[in-house]
Amino acid sequence: MQFAIIKAGHDMRQIYQVIDEDERYVYLVNGSTRTTDRPKKKSRKHVQLIKRIPEEVLHILEETQIEENLRIERAVRVMRDQITPKGSNEQSK
C-alpha cells in the first residue's frame, strides 16, 4: 500500500492512494472524486511516493465494515492532516 503526492498538474500537492502501477504510470484514488472504479492515471515523474505511512492510516484501511472508497477517503484525509502543518495555507504555496 502506497500513497503519493502530486508534483505537477492542476492537482499539485494533492494526496492520493496508489492502487496500481505499470512501467510509466501510477493509478491513483482519493475515495471521493477519484474512486476505485475510476482511478486517475498519472505519469510516475509527476508523483512523489510517501514512504512513511502513519499507524492511524493503516488502521483505517484495515477496517472491513466500511466501504472501500470511504476508507480511502478517510485515510487520505488523515495523511493530508499529518503532512500539512497546522495553520499553513495551501493556497499561498
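1. Helices (H or I, at least four residues) and strands (E, at least two) are taken as DSSP runs, numbered from the N terminus. Under that convention Arg77 and Glu73 both fall in helix α2, four residues apart, about one turn of the helix. Their side chains meet in a salt bridge at 4.0 Å, N to O, where the term requires a side-chain nitrogen of Lys or Arg within 4 Å of a carboxyl oxygen of Asp or Glu.

2. The model is predicted, with local features needing pLDDT of at least 70 and side-chain atom pairs counting only at pLDDT 80 or more, while totals for chains, interfaces and linings use all residues. Residues are numbered from 1 along each chain as its sequence is written, and side-chain values use heavy atoms, with hydrogens and water left out.

3. The strands form an open sheet of five in the order β4-β3-β2-β1-β5, with antiparallel pairing, pairing being assigned if DSSP finds at least two bridges between two strands. The edges are β4 (40-43) and β5 (47-50), each of which pairs on one side only. Strand β1 (residues 2-6) is joined to β2 (residues 15-21) over four bridges, and Ile5 stands opposite Ile15 in β2.

4. Helix α2 (residues 68-83) lies across β1, β2, β3 (25-29) and β5, and runs at about 125° to β2; axes are lines fitted to C-alpha atoms, for helices over the stretch in contact, and angles run from 0 to 180 degrees between N-to-C directions.

5. The largest nonpolar core has 13 residues, and Phe3, Ile15, Val57, Leu61, Ala75 and Met79 have the most contacts inside it. Such a core is a set of buried Ala, Val, Leu, Ile, Met, Phe, Trp, Tyr and Cys residues joined through side-chain atoms within 4.5 Å, buried meaning under 20% relative accessible area, exposed over 50% and partly exposed in between (1.4 Å probe, protein chains only). Its largest share, five residues, comes from α2. A second, separate core of seven residues includes Tyr16, Val18, Leu28 and Val47.

6. A search of the whole structure finds four salt bridges. One of them joins the side chains of Lys40 and Asp11 (3.4 Å, N to O), linking strand β4 to the loop between β1 and β2 across 29 residues. Lys40 counts as buried at 12% relative accessibility, as does Asp11 at 6%. The side chains of Glu21 and Arg44 also meet (2.5 Å, N to O), but here Glu21 is partly exposed at 38%, and Arg44 is partly exposed at 32%.

Conventions
Contact = heavy atoms within 4.5 Å.
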